[in-house]
Amino acid sequence: MRDSNMCLRALAACLVLASMSLPPAQAAARRLPASASRSMPQFVERNGHFALMVDGAPFLILGGQANNSSNYPSMLPKVWPAMEKLHANTLEIPVAWEQIEPAEGRFDFSYVDTLLKQARAHGLRLVLLWFGAYKNTSPSYTPSWVKRDHARFPHLVNSKGETWYALTPIAQATIDADSRAFAALMRHLKENDPQRTVILMQVENETGTYGSVRDFSPAAQTLFDAPVPEALLRKFGKQPGTWSQVFGKDADEFFYAWYMARYVGKVAVAGKSEYPLPMYVNVALRDPINDQDPNTYSSGGPEWNVLDIWKVAAPDIFLAAPDIYEPKFDVVMAHIGRFKRPDNALLDVEIGNKPAHARYFFAILGNQGLGFGPFGMDYTGYANAPLGAGPMTDEGLAPFAANYALLGPWQREWAKLSFENDVWGVAEPDDGHQQTISLGRWTATVTYGQPQFGPTKPAPLAPDAAPSGGVLIARLGPDEFLLTGRDARVEFSLTEKTADLHSMFDRVEEGRFENGKWVFDRMWNGDQTDWGLNLRALPQVLKVSLATY
Ligand code: DGJ
């Protein structure tokens, strides 16, 4: 009896050890019971809050995007170890038209099947990126039979009458062929992924056209001189007329955005009619602050200034997600501001992979972001520097991995809080200056570069060369908050200060979530609370209860 108890204890210890050695996010993914609900993933909106529902509950994408040419079985062994090191719960990876339909009507899903099988074995979900007629606006990922048939799949024509590099979105043959291929992919997923390994589809990749505000071909000109569609007039509260009459100086870009969105919308509908996974588009970003000539960015793509047009023309696309490669704080925050809208949930599953980008995890989640994903996260040896970092290494992954390790074990709880409660978050600014977060009755003041002990120093005079800090807060009650983050000091005060009312900590608990339940580890008090709550690079989660005297 005694022996068998010992055996059982040893076995239990082994199981605990085995689960401890898994990266937290993957351990959480693997904890899903075999009978977990296999309901369709979907985007939902309630009271102005959004969620990506996966297996029937809000899910936070802790993603990593593979390099562009990593979408082959031979490359996958260099992708999975990076995902593991990253503590990712989701891999974002292309499926290219050229690889699934090498000859018209003949489909080859061998890569997709390998991908599904291996993703499941690694406990990862998938976001598939459909590289159809538009990849960074160009048709480079179309099959040869599309690339070479200019008569059937026409390019656009620029204002000088020159044939331009991109395919025109007004050609019905291109819409039909792209839609057929995408629908075939979705049908294949429906038949081969009852596990819902794939949770989200990106339709095309960075649509629009560089260097020509629109198509000026005779066929396009006829459409341009025709009346603006009724639905768009309603959206903008405009009187009928041609594109120029209705939209004046914006007519060229607005016209092109309408037809580009209509194209993508039709491809999405064809796919959804086979298998209605949630769908989004990504955006090659224009200047978020200043005016910019549309000839100098991807005109027609879902830029912030034409998002209203996209919403009308492509209603089956749930959201437009910004591809943020800029590392500068003010610019990043402006991009976030442009894409977090009541009609557009924030999702950033394509952000640069320099260490300076990692801190934006906190700003994105704090703005109710549904997911985060740095680009180029595999060990294939390719690097998109200077846009991004050098070839990916364990060291390069580390700042992103630390953030995922912090949230991974309770991503479901965070996603639920973000959907149902108020959440806030900030990233360290380039100049290291302090930030305040208004929590209603309470205000949180966040400072960076502070020691853990001693009074708060003024903001550093020299900019921080490697800003890494960030803070996340979620409301648990009127005076109770969940707090986490890294490399930051957080102090709470009353928003309305009066001479005889002062704030104090009632309790500061450090703990963790296990199977959705809060587990108390210890109280923070004394040195740990006298000088604000000082978060380091450790995965620390605090429950803070505030009071007055
Ligand atoms: C943005 C695109 O969406 C990515 O696929 C990639 O081409 C990067 N630009 C550059 O590395």
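The model is predicted, so local features need pLDDT of at least 70 and side-chain atom pairs count only at pLDDT 80 or more, while totals for chains, interfaces and linings use all residues. Residues are numbered from 1 along each chain as its sequence is written, and side-chain values use heavy atoms, with hydrogens and water left out.

The protein holds 18 helices and 23 strands (DSSP runs, H or I of at least four residues for helices and E of at least two for strands, numbered from the N terminus). Along the principal axes, its C-alpha atoms fill a box of roughly 75 × 70 × 40 Å. Of the 549 residues, 54% count as buried (under 20% relative accessible area, 1.4 Å probe, protein chains only). Among contacts (heavy atoms within 4.5 Å) with a separation of 6 or more, 74% come from residues 24 or more positions apart.

Two packed helices are described by the angle and the distance between their axes. Helix 7 (residues 172–192) and helix 11 (residues 251–274) have axes that come within 7 Å and cross at roughly 30°; axes are lines fitted to C-alpha atoms over the stretch in contact, with angles from 0 to 180 degrees between N-to-C directions. The two helices are therefore roughly parallel to each other (angles under 35 degrees). On the helix 7 side, the contact includes Ile175, Phe182 and Met186. Helix 11 contributes residues including Tyr263, Val267 and Ala270.

Technical notes
Parallel < 35°, antiparallel > 145°, perpendicular 65-115°, else oblique. Buried < 20%, exposed > 50% of the residue type's maximum accessible area, 1.4 Å probe, protein only.
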